[in-house]
Amino acid sequence: MNDLTPLEFSYFPGCSVATTATESNQSLMKACQRLGFHLKELEDWNCCGSSPANTIDPELGFNLAARILSLAPPDKPLLIMCPRCLHYLRLAHLRLQEDLYTRRSLERRWGRPISPELEIVHFLEAVVKLGPDRLHNGLTRNLKGLKFVPYYGCTLNRPPALRRQKYFQAEVVNILTALGAEAVPRALLYRCCGSFLSAVRPKVVTTLVNQIIGSAVTAGADCLVTVCAMCQLNLEIRCTLEKKLPVFHFSEILALALGAQDYEDWFARHLVDPRPLLTARNLIG
Amino acid sequence: MAGTEDPIKIGELDRYFAEDVKHHSGVDFNRCLFCRSCGNGCPFDQAMDYHPYAVLRMIQYGLRQRALGCSTIWVCVSCHTCSSQCPMSIDIPAVMHTLCSMALEEHVPTGAPDILEFHLEALRSIERHGRAHKLGIMLRHKLITGQWFKDMDLGLKMLAKRKLDLLPSRVQAMEEIIRLFTPDWKTYLP
């Protein structure tokens, strides 16, 4: 019953997950280890271009994303954690599939093939498709009593071009409820966190973030859980309310439920300390 | 929101503007029904000088300067709240991005210099390291926009929590990255 045949993935962390949100990366590694997912980080990956490149020079954004795809071995799925990177990589891949000429010329430039069949999956997709049994078997800490707001922000929205593709980001609720936690959906789940405006126009973002956290407090939640590292950061740093709530990376909560022990390192990096809450819920010692 | 505007003079409308935007963005916004759903859901409409639907309308009317010079196109973070609500499935953020790059190309004074400066700083970081180095971007951005002390306490807090890495993480094959930032003609030079 404990079938943990290792599953192979290549892995693209992205700038946020690799630096500002190291705790997200570390807990993801731990969760994957427990689930039997083998992640191999892409060698020498670069930034996906994100908003700056795609605003100033969309062609540059496409090229940056295409280089990442050229680094991925074609025989295993490319696993991605950051929802925004997922958008840009899938959009670039779509164009590379359709535009043979561009694909050929980039392949020539880099001397590497770019596979049009490459499968690009989000971590949640991998968990949902391959993991229900693995989740069930790995559960060591029941999350019973933890009331969380599944904060999605803009991650469920997508450009019309990607509307036909399957997205699994909304599975946060199903997975965490299966692990015993209690979802509190009556809050501003889909209100955008402000993205890069957090750096440039803090006032605008503070208003938004306070609305989001305020709604979660009113709904009676203990914490918020998000899959996006940018959301996690903005919700923590731009909240000016008296009562702040801890904001978790999805991977942290998952790894915790699956029995990870090195959580001190992750939680010490939070600006709103989640440890009192987790101790009160008997999740950490 | 911008209230009193100069009247629209029919003789001065740019009849090629809509075609240009369509060509550059690949988005057929002529499908727009003007139902205004995009503006009603936008989380940032308070920070914009025009609602998103007003920008689409300006394109249809051929108000080139006004559309390229407004702050809306820069404030948009492409959260796609608008295009998810749009009954005609118009990729509104793609239109906004296209207008930004057209504004730069046509030297129209930008409606949000601070946001433009931030994007450029992030791009410089990617050009230098292949990845975004947040501490570097923020320090330079604060230096250029002259807002050293705004957010200083937050920055220190983040440093203390090791949320901002002092040294950038770097791509090894930097020549591949630099090549992406280099116009073709430069590579022809001896």
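Q: Hi! Is the crossing of α2(A) and α13(A) left-handed or right-handed?
A: Hello! In this predicted model, α2(A) and α13(A) cross in a left-handed way.

Q: Where do those two helices sit in chain A, and at what angle do their axes cross?
A: Helix α2 covers residues 22-35 of chain A and helix α13 covers residues 250-257 of chain A. Their axes come within 8 Å and cross at roughly 35°.

Q: Which residues make the contact?
A: From α2(A) you have Glu23(A), Ser24(A), Ser27(A), Leu28(A), Lys30(A) and Ala31(A). Facing them from α13(A) are Ser251(A), Glu252(A), Leu254(A) and Ala255(A).

Q: Switching topic, how many residues does each chain bring to the contact between A and B?
A: Chain A brings 40 residues and chain B brings 46 residues.

Q: Which elements of chain A give two or more residues to the side that touches chain B?
A: They are α1 (15-18), α3 (50-56), α4 (58-71), α10 (197-200) and α11 (202-218) of chain A.

Q: Which one gives the most?
A: That's α3(A), with six residues.

Q: What about the classes on that side of chain A?
A: The side of chain A that touches chain B has 24 nonpolar, nine polar and seven charged residues.

Q: Okay, let's look at Leu278(A). Where is its place?
A: Leu278(A) is in helix α15, which runs over residues 275-280 of chain A.

Q: Is Leu278(A) buried or exposed?
A: Leu278(A) is buried, because 23 C-beta neighbours lie inside 10 Å and the cut-off for buried is 20 or more.

Q: What does Leu278(A) touch, leaving aside residues up to four places away in sequence?
A: Leu278(A) touches Leu283(A) and Ile284(A).

Q: Now chain B. How many helices and strands does the secondary structure come to?
A: Chain B has 12 helices and zero strands.

Q: What does the C-alpha trace of chain B span?
A: Along its principal axes, the trace spans about 55 × 50 × 30 Å.

Q: What share of chain B do buried residues make up?
A: Of the 190 residues in chain B, 40% are buried.

Q: Last one: what share of the contacts in chain B with a separation of 6 or more comes from residues 24 or more positions apart?
A: Those pairs account for 67% of such contacts in chain B.

Conventions. Residues are numbered from 1 along each chain as its sequence is written. Chains are lettered from A and ligands numbered from 1 in the order in which they are written. This is a predicted model: local features need pLDDT of at least 70, side-chain atom pairs count only at pLDDT 80 or more; totals for chains, interfaces and linings use all residues. Two residues are in contact if their C-beta atoms, placed from the backbone, lie within 7 Å. Helices (H or I, at least four residues) and strands (E, at least two) are DSSP runs, numbered from the N terminus. Ala, Val, Leu, Ile, Met, Phe, Trp, Tyr, Cys and Pro count as nonpolar, Asp, Glu, Lys and Arg as charged, and the others, Gly among them, as polar. Axes are lines fitted to C-alpha atoms, for helices over the stretch in contact, and angles run from 0 to 180 degrees between N-to-C directions. A crossing is left-handed if the near helix is turned anticlockwise from the far one by less than a right angle, and right-handed if clockwise. A residue is buried if 20 or more other C-beta atoms lie within 10 Å of its own, exposed if 12 or fewer, and partly exposed in between; C-beta atoms are placed from the backbone.
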